[in-house]
Amino acid sequence: MSTFGLPPEMRINLERTRLLLCDDNEQALSVESAMFRGFGMHRQYKASSAKEAMDIIKSREVDLIVMDCGMPDMDGYDFVKWLRTQGPGDAAYIPAILMTGHAARSLVEKSRDCGANFVISKPFTPQVLLQRVYWVAKDERQFVRTAGYVGPDRRVRNLGPPPGMRGRRSTDLSLKVGAAKDPNMEQFEIDSMFKPQKVIL
Amino acid sequence: MSDPNLFKVTSRLSEQVDRPGGMTAQIAMQRVNHEMSAEEHRSREAVGESLTLLETLCREQTGGMDAVYDAATAVIDVAGLFDERVLCDAAYSLCELTDRLRTQDKVDWSAVAVHVEALRLIYSVDPRNAAQFRPVVDGLWKVTDKYKEPSEEAPAAE
């Protein structure tokens, strides 16, 4: 197994990316800044509170936001919710990654509903963080705006229960494959399903 | 209720990552290791300061569970960036304990003290040798799980 979140030879260019980093823990902010410098992101705005981050968003162009969830006054969840619903212009759609240490009970719903692209749990490795940045960049989910939620589409494909688990939904299919009802397909029938056909309109 | 409005957003980040230049993930990690090594000493001191605060809170039994929770999250905030899993698991157990206690409007300083002593013990060794304390962390979770709420119990098998 690779020790890298991304394949080691994969190229990623973050030289021009303007990063807004926000953490009320001074040392954590310093380490996070060092981590992103290592990724090649030297254009960083640093904020120690959500209020400072709001001021930066209103006055600067930012391409990526990485923020700690747990902060006094206004936490990361409320900041992203503000950004998505009241952020100025296109800033409302800036990709946002939240970092959390512990998921307190009172914040579980806020985490789900705030509109962040990702919530990443500490501890994590720099490899994982770089991978999440890449995933966010390549995120093709549409944005959704409803009365109660603005953010990336949270709907996911239902791939059924995990292996070995019974599904909880009435629509979950059985894991057992039953006996075949029809004879096996001929090879030409299988091939014809993949072969492009000329269509005369 | 109004229908959801779905729309496509193309971020500048998505255009930037694929531009020519940049670096490989491997080189990025080498650079990160170099950058972070300069932060390691100060970070370890910061974690130590959080542990000292936790010890003071335990000794004086002041500040309540909220203050303990905040100090425990400060441990994860910094140690979590260095992937110190055993220390973070112990701090996470303390966060979970204090979160459960405050949700249930309870206080248990002896359970908190056991966590803080274990955190200091794990912190005292080189992080590369912290795995030996995994059974200690398992024990901390048993203490924390004494305050598990009925709704958190696993549903009975059908």
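1. To begin with a term: two strands pair if DSSP finds at least two bridges between them. With that in hand, here is a welcome to this structure, which is a predicted model. In chain A, 5 strands make up an open sheet, with the order 3-2-4-5-6 and parallel pairing. At its edges stand strand 3 (43-47) and strand 6 (118-121) of chain A, each of which pairs on one side only. From one strand to the next, the twist averages 20 degrees.

2. Helix 5 of chain A lies across strand 4, strand 5 (96-100) and strand 6 of chain A. Relative to strand 6 of chain A, helix 5 of chain A runs at about 175 degrees.

3. Phe118(A) sits in strand 6 of chain A. Setting aside neighbours within four places in sequence, Phe118(A) is in contact with Ile97(A), Arg132(A) and Val136(A). Pro95(A) is 23 residues from Phe118(A) in sequence, and their C-alpha atoms are 8.8 Å apart in space.

4. Now for Asn25(A), which belongs to the loop between strand 2 and helix 1 of chain A. Why does Asn25(A) count as buried? Asn25(A) has 22 other C-beta atoms within 10 Å, and the cut-off for a buried residue is 20 or more. Not counting residues up to four places away in sequence, Asn25(A) touches Asp68(A) in its own chain, and Ala74(B), Asp77(B) and Val78(B) in chain B. Asn25(A) and Asp68(A) are 43 residues apart in sequence, with 8.8 Å between their C-alpha atoms.

5. Those touches lead on to the contact between the chains, which takes 53 residues from chain A and 50 residues from chain B. On the side of chain A that touches chain B, at least two residues each come from strand 1 (11-12), helix 1 (26-38), strand 4 (64-68), helix 5 (126-137) and strand 7 (143-145) of chain A. Helix 1 of chain A gives the most, with 9 residues. By class, this side of chain A has 26 nonpolar, 14 polar and 13 charged residues.

6. Strands also pair across the two chains. Strand 1 of chain A and strand 2 (residues 23-24) of chain B run antiparallel and are joined by 2 bridges. Here Arg11(A) has Thr24(B) of strand 2 of chain B as its bridge partner.

7. Another open sheet draws on both chains: 3 strands in the order 8(A)-7(A)-1(B), with antiparallel pairing. Strand 8 (150-152) of chain A and strand 1 (5-7) of chain B are at the edges with a single partner strand each, so one side of each has no neighbour in the sheet. The twist in this sheet averages 20 degrees from one strand to the next. Strand 7 of chain A pairs with strand 1 of chain B in the antiparallel sense over 3 bridges. Val144(A), for instance, has Leu6(B) as its bridge partner in strand 1 of chain B.

8. Chain B itself has 6 helices and 2 strands, and from the N terminus on its elements run β-α-β-α-α-α-α-α. Its radius of gyration is 21 Å, whereas a compact globule of 158 residues would have one near 15 Å. Taken along the principal axes, the C-alpha atoms of chain B fill a box of roughly 60 × 55 × 35 Å. Of its 158 residues, 39% count as buried. Among contacts in chain B with a separation of 6 or more, 67% are between residues 24 or more positions apart.

9. One last stop is the largest nonpolar core, which has 87 residues. Which residues have the most contacts inside it? They are Val75(B), Leu87(B), Ala90(B), Ala91(B) and Leu119(B). Leaving aside neighbours within four places in sequence, Leu119(B) is in contact with Leu51(B), Leu54(B), Val75(B), Leu87(B), Ala90(B) and Ala91(B).

Definitions and conventions
Residues are numbered from 1 along each chain as its sequence is written. Chains are lettered from A and ligands numbered from 1 in the order in which they are written. This is a predicted model: local features need pLDDT of at least 70, side-chain atom pairs count only at pLDDT 80 or more; totals for chains, interfaces and linings use all residues. A nonpolar core is a set of buried Ala, Val, Leu, Ile, Met, Phe, Trp, Tyr and Cys residues joined through C-beta atoms within 7 Å. A residue is buried if 20 or more other C-beta atoms lie within 10 Å of its own, exposed if 12 or fewer, and partly exposed in between; C-beta atoms are placed from the backbone. Two residues are in contact if their C-beta atoms, placed from the backbone, lie within 7 Å. Helices (H or I, at least four residues) and strands (E, at least two) are DSSP runs, numbered from the N terminus. Ala, Val, Leu, Ile, Met, Phe, Trp, Tyr, Cys and Pro count as nonpolar, Asp, Glu, Lys and Arg as charged, and the others, Gly among them, as polar. The radius of gyration is taken over C-alpha atoms; the globule rule is 2.2 Å times the number of residues to the power 0.38. Axes are lines fitted to C-alpha atoms, for helices over the stretch in contact, and angles run from 0 to 180 degrees between N-to-C directions.
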